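I opened the model today and kept notes as I went. The entries follow the order in which I looked things up.

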Amino acid sequence: MSFSKMDKRDLYRCVSCGNCRSVCPVFEQSGWESQNTRGRILLIRDLFEGAATDESVFDSLNTCTTCGYCATTCPAGVNPPELVEAARYGLVALGKMTPTQAKIHDNVKTYGNTLASSDDRRGWIAGETFEMPKNPEYIFFVGCLDSYRFPDNAKKTYRILNKLGVGLLEEEKCCGSPLLRIGFDADNLIRHNLEQIQKTGAHTIIAGCAGCYNTLRNNYKSLAAEMGIEFSVVTVSQYLASHLDDLKKAGLHQLDMKVTYHDPCHSGRHNGIFEEPRQIIEAVVGPKNFIEMTSNREKSRCCGGGGGVRSGYNDLSMAMARRRLDDIPKSVDYLVTTCPLCYRNLRDAAGNDVKVMDIVELIEMAMEK
Ligand code: SF4
Ligand code: SF4
């Protein structure tokens with residue numbers, strides 16, 4: 001088995017102490033040693049040392065949401081989700097993958113999006129009269145989920161961004177995150193999007209999804225350097241937090257309601273974006289009406305949707321989302337988040353019990369008042 005993407009020192013740095021077990025959201029649900037961080041690492045070591053690969057490894061490796069909580073508790077400094085992704089990559093290179101992995105790969109390869117949609121990716125603009133800025137310095141990278149599943153959110157976000165002179169890519173495609181997280185290369189998509197970015201001449205990309213943000217920021221670097229392209233990446237919440245004065249001038253008012261906030265793993269724990277969404281929320285509801293979830297910031301529980309788990313293990317994914325909903329403080333009116341994947345998982349698990357909303361919806365409510 002090829003482990004070309006594996007940091008072998010990391011693999012053997014693990015001392016099997018089990019610290020990580022207590023925070024793994026998958027282990028919390030399944031209780032199986034093979035479905036917690038330590039068990040996964042032992043399995044990857046076995047594979048690395050020549051154990052035969054068979055189907056049984058999939059339920060261990062593919063149930064990791066890549067949330068990264070384990071990495072924050074590891075006294076040895078291991079980065080388990082990177083090991084899991086590298087092991088998935090090694091298996092995929094041998095042609096060993098689940099039908100779900102194969103389907104996600106085929107969808108993205110055929111349609112340029114994870115949802116197998118042949119519709120116009122810019123269909124969400126229908127009915128709007130946006131004036132496209134010439135030579136924009138900032139570009140909104142919409143992402144697959146907002147483009148196809150939550151067009152209203154894409155529209156609401158771009159209504160705000162367009163007024164601030166932000167442009168769009170002419171032909172955006174999936175950022176590549178779904179492929180990279182489940183063990184495939186995404187070079188063709190990355191190259192395509194980089195060419196699109198290069199065409200605009202923009203210096204900053206504003207990502208509408210935590211997965212897109214993480215991928216654009218961390219997985220585009222080497223190809224971007226090869227192509228001689230330099231750009232920064234920020235999330236929508238980072239960009240809007242730095243434009244709060246503009247939003248206030250445009251009519252942002254305080255709202256009398258209580259909200260809490262779910263930190264998406266890939267913007268929060270993986271990339272340290274904790275303050276900006278909170279700045280926006282506090283600007284809208286005031287500090288007293290913003291109440292933290294029981295676990296928050298670096299210690300946020302995962303929504304259960306990442307790493308291909310929602311697609312491959314939906315019951316497990318929903319169970320993790322329901323557990324996350326238990327962290328909501330009593331008496332809040334809304335659970336706010338900043339990632340469409342988290343939004344979808346938490347909303348689906350919540351049903352009518354909890355109102356889940358994207359931060360842009362909160363801003364829009366505060367503008368309408
Ligand atoms: S990954 Fe870190 S915390 Fe988990 S068992 Fe290994 S050494 Fe311990
Ligand atoms: S990244 Fe998250 S789901 Fe994966 S092993 Fe670590 S804690 Fe568990």
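**Sheet**

I began with the strands and found that strand 1 and strand 2 pair in the parallel sense over two bridges. Strands here are DSSP runs of E with at least two residues, helices are runs of H or I with at least four, and both are numbered from the N terminus. I took two strands as paired if DSSP finds at least two bridges between them. In this pair, Phe-140 stands opposite Leu-168 in strand 2. I then traced the open sheet, in which four strands run in the order 2-1-3-4 with parallel pairing. Its edge strands are strand 2 (167-168) and strand 4, each of which pairs on one side only.

**Conventions**

I noted that this is a predicted model, in which local features need pLDDT of at least 70, side-chain atom pairs count only at pLDDT 80 or more, and totals for chains, interfaces and linings use all residues. Residues are numbered from 1 along each chain as its sequence is written, while chains are lettered from A and ligands numbered from 1 in the order in which they are written.

**Helix 12**

I checked burial for helix 12 (residues 210-218) and found eight of its nine residues buried. A residue counts as buried if 20 or more other C-beta atoms, placed from the backbone, lie within 10 Å of its own, as exposed if 12 or fewer do, and as partly exposed in between. The buried residues of helix 12 include Cys-212, Tyr-213, Asn-214 and Arg-217. Among the elements that cover them I listed strand 1 (138-141), strand 3 (204-207), strand 4 (232-235) and helix 19 (340-350).

**Whole chain**

I counted the secondary structure of the chain as 20 helices and seven strands. The radius of gyration of the chain is 20 Å, close to the 21 Å of the globule rule for 369 residues, so the chain is as compact as a globular protein of that length. The radius is taken over C-alpha atoms, and the rule is 2.2 Å times the number of residues to the power 0.38. The C-alpha atoms fill a box of roughly 60 × 50 × 35 Å along the principal axes. Buried residues make up 48% of the 369 residues.

**Domains**

I read the division as domain 1 (8-97), domain 2 (123-241) and domain 3 (249-368), with bounds from an automatic or database domain assignment. The C-alpha centres of domain 1 and domain 3 lie 27 Å apart. Across that pair, 14 residues of domain 1 are in contact with 17 residues of domain 3, contact meaning C-beta atoms, placed from the backbone, within 7 Å. On the side of domain 1 that touches domain 3, helix 2 (25-30) and helix 5 (69-73) each give two or more residues. Helix 2 gives the most, with five residues.

**Ligands**

Which residues are closest to ligand 1? I found Cys-14, Cys-17, Asn-19, Cys-20 and Cys-74 to be the closest of the 16 that surround ligand 1, a residue being near if its C-beta atom, placed from the backbone, lies within 6 Å. Helix 3 gives the most to this shell, with three residues. For ligand 2 I found 15 surrounding residues, the closest being Cys-24, Thr-37, Cys-64, Cys-67 and Cys-70. Helix 2, helix 3, helix 5 and helix 6 (80-93) each give two or more residues to the shell around ligand 2.

Notes. Two residues are in contact if their C-beta atoms, placed from the backbone, lie within 7 Å.
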